[in-house]
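Reader: I am new to reading structures and would like to understand the terms applied to this one. May I put some questions to you?

Author: Please do; the chain is shown here.

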Amino acid sequence: MSEMEWISIFGDNLIDIMDEKGYTQEQLANETGLTQSTISKYINKKQMPSIKAVVNLAYALDCTTDELIEFGDTIE
């Protein structure tokens, strides 16, 4: 899986879970310590998150990291 494919899957999963849980970018930023700009970059598939960001997002959204990243292959 390419890095771009992984970023795309992560962005789609993040926005889906945010919608399901009723979170805005601003609310999620406040919960995670990330900036709203960074969350926007994740959603718009412009930036790959760090491990710390994935863990903090999963905690804030009350989901597993697997639900956000769905590893199925290595990243090239």
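Predicted model: local features only at pLDDT ≥ 70, side-chain atom pairs only at ≥ 80, totals over all residues.

Reader: How do you know how the span of H1 compares with the expected one?

Author: H1 has 19 residues, and the expected span rests on 1.5 Å a residue, giving 27 Å. From its first C-alpha to its last, H1 reaches 27 Å, close to that expectation. Just after H1, Gly22 takes a positive phi of about 75°.

Reader: What describes the packing of two helices?

Author: The angle between their axes and the distance between those axes describe it. For H1 (residues 3–21) and H3 (residues 36–43), the angle is about 115° and the axes are 7 Å apart. Phe10, Gly11, Leu14, Ile15 and Met18 of H1 meet Ile39, Tyr42 and Ile43 of H3. These contact residues comprise 7 nonpolar, 1 polar and no charged.

Reader: Why is Thr38 called buried?

Author: Buried means under 20% relative accessible area. Thr38 has a value of 16%, and therefore it is called buried. This residue lies in helix H3.

Reader: What makes the pairing of the Thr38 and Thr35 side chains a polar contact?

Author: A polar contact requires a pair of N or O atoms within 3.5 Å. The side chains of Thr38 and Thr35 make such a contact at 2.8 Å.

Definitions and conventions. Residues numbered from 1 in each chain as written. Heavy atoms only, no water. Axes fitted to C-alpha atoms, helices over the stretch in contact; angles between N-to-C directions. Helix = DSSP H or I, 4+ residues; strand = E, 2+ residues; numbered from the N terminus. Contact = heavy atoms within 4.5 Å. Nonpolar A, V, L, I, M, F, W, Y, C, P; charged D, E, K, R; others polar. Buried < 20%, exposed > 50% of the residue type's maximum accessible area, 1.4 Å probe, protein only. Polar contact = N/O pair within 3.5 Å; in protein donor to acceptor, adjacent residues only side chain to side chain. Expected span 1.5 Å × (residues − 1).
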